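Morning, everyone. I have one chain to walk through, and I'll start with a single residue before I zoom out.

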Amino acid sequence: MVAPLTRKRKRVWEKTNGRCFFCGKKLYLEKRYGPQTIEYKRMTIDHLIPRARGGSDQYFNLVPSCFSCNHRKGARVSSMKNYVVGFAYSEDLKNILLIRKNRPPWQKGLLNGVEGKIKEKSNTPQIFDEIPLTAMKRECKEETGLHLIWNMGGHMSGVNEDESVFQCWIFYAYDDRIYDFQQIEDEVLELFPMDKVPLDQVIPNLHYLIPFGIHRTSSHYYNKRDAFITITY
Ligand SMILES: [Zn+2]
């Protein structure tokens, strides 16, 4: 028995180009005949934050999953990490403000946008204490001293190397106040001309997150290296 194909199922399936969010196996949406039926697994929809813990039915909380991963997922959810990241450009799009990271270890020495964790209620982890936009404004103020106008650009979800699940809301700002940033924390802020961003020193997703903020030509990105990451707005 195959669940009926709905618009929502198709959109969720497209988040990962039709692969299981957790293990990467190819999933199928519709009943198929022939050899594909054997190698492709049927898609189930998984709530990243389970409904029992306040997770919503909205698109950002849904990922395609195979049956076995959907069943095994419980432990991973407790280690779900929720972030915001923001990329601030000058109004003429010629410069961008980035941060040279000291932590976590895998980002040490690399460049990233302004980023941080979304505050969660202390007694109920996974229930947000602020909306992502509020988190973005707060992180930016704390790290750069700047009040910028942030626009939501996307949502990204994936599986870390330690198998924990993360999701991240992506923001963009276009504001000449970036030239007045203050160095507040230990991680060094750096302004780069767009054509001088050292692409060998950025965290991998920035290869498409930075151009996306300028061109906005595509509504969907699929990164082969991080197979389960998409930008979907
Ligand atoms: Zn799977």
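Start at Leu-93. Leu-93 counts as exposed, because it has 12 C-beta neighbours inside 10 Å and the cut-off for exposed is 12 or fewer. One caution before I go on: this is a predicted model. Leu-93 sits in the loop between strand 5 and strand 6. Its backbone is worth a look too. Phi at Leu-93 is positive, about 65 degrees, although the residue is not a glycine. Most residues other than glycine have a negative phi.

Step along to Asn-95. This residue belongs to strand 6. What does Asn-95 touch, once residues up to four places away in sequence are set aside? The list is Tyr-89, Ser-90, Ile-178, Leu-191, Phe-192, Pro-193 and Met-194. Then there is Tyr-174. Asn-95 and Tyr-174 are 79 residues apart in sequence, and their C-alpha atoms are 9.8 Å apart in space.

The peptide bond from Arg-103 to Pro-104 is cis, with omega near -10 degrees. Most peptide bonds are trans.

Now the whole chain. The secondary structure comes to six helices and 15 strands. Of the 233 residues, 31% are buried. Take the contacts between residues at least 6 apart in sequence: 63% of them join residues at least 24 apart.

On to the cores. The largest nonpolar core has 31 residues. Which residues have the most contacts inside it? They are Val-84, Phe-87, Ala-88, Ile-96, Ile-170 and Phe-171. The elements giving two or more residues to this core are strand 5 (81-89), strand 6 (95-100), helix 5 (132-144), strand 12 (165-174) and helix 6. Strand 12 gives the most, with six residues.

Take Ala-88 as an example. Leave aside its neighbours within four places in sequence. Ala-88 is then in contact with Ile-96, Leu-97, Val-114, Leu-148, Ala-173, Asp-175 and Ile-178. There is also a second, separate core of 15 residues, which includes Cys-20, Leu-29, Leu-48 and Leu-62.

Leu-62 takes us to strand 4, residues 62-65. Leu-62 and Pro-64 point one way from strand 4, Val-63 and Ser-65 point the other way, and all are buried. Strand 4 runs antiparallel to strand 3, residues 44-47, and four bridges join the two.

Two helices to finish. Helix 6 spans residues 206-215, and its buried residues are Leu-206, Leu-209, Ile-210, Phe-212 and Gly-213. These cover an arc of only 155 degrees around the axis, so they lie on the same side of helix 6.

Helix 1, residues 7-15, has Val-12, Trp-13 and Lys-15 as its buried residues. Here the arc around the axis is only 150 degrees, which puts them on the same side of helix 1. Just after helix 1 comes Asn-17, with a positive phi of about 55 degrees.

That's the tour. Over to you.

Methods
Residues are numbered from 1 along each chain as its sequence is written. This is a predicted model: local features need pLDDT of at least 70, side-chain atom pairs count only at pLDDT 80 or more; totals for chains, interfaces and linings use all residues. A residue is buried if 20 or more other C-beta atoms lie within 10 Å of its own, exposed if 12 or fewer, and partly exposed in between; C-beta atoms are placed from the backbone. The arc is that of the directions from the helix axis to the C-beta atoms. A nonpolar core is a set of buried Ala, Val, Leu, Ile, Met, Phe, Trp, Tyr and Cys residues joined through C-beta atoms within 7 Å. Two residues are in contact if their C-beta atoms, placed from the backbone, lie within 7 Å. Two strands pair if DSSP finds at least two bridges between them.
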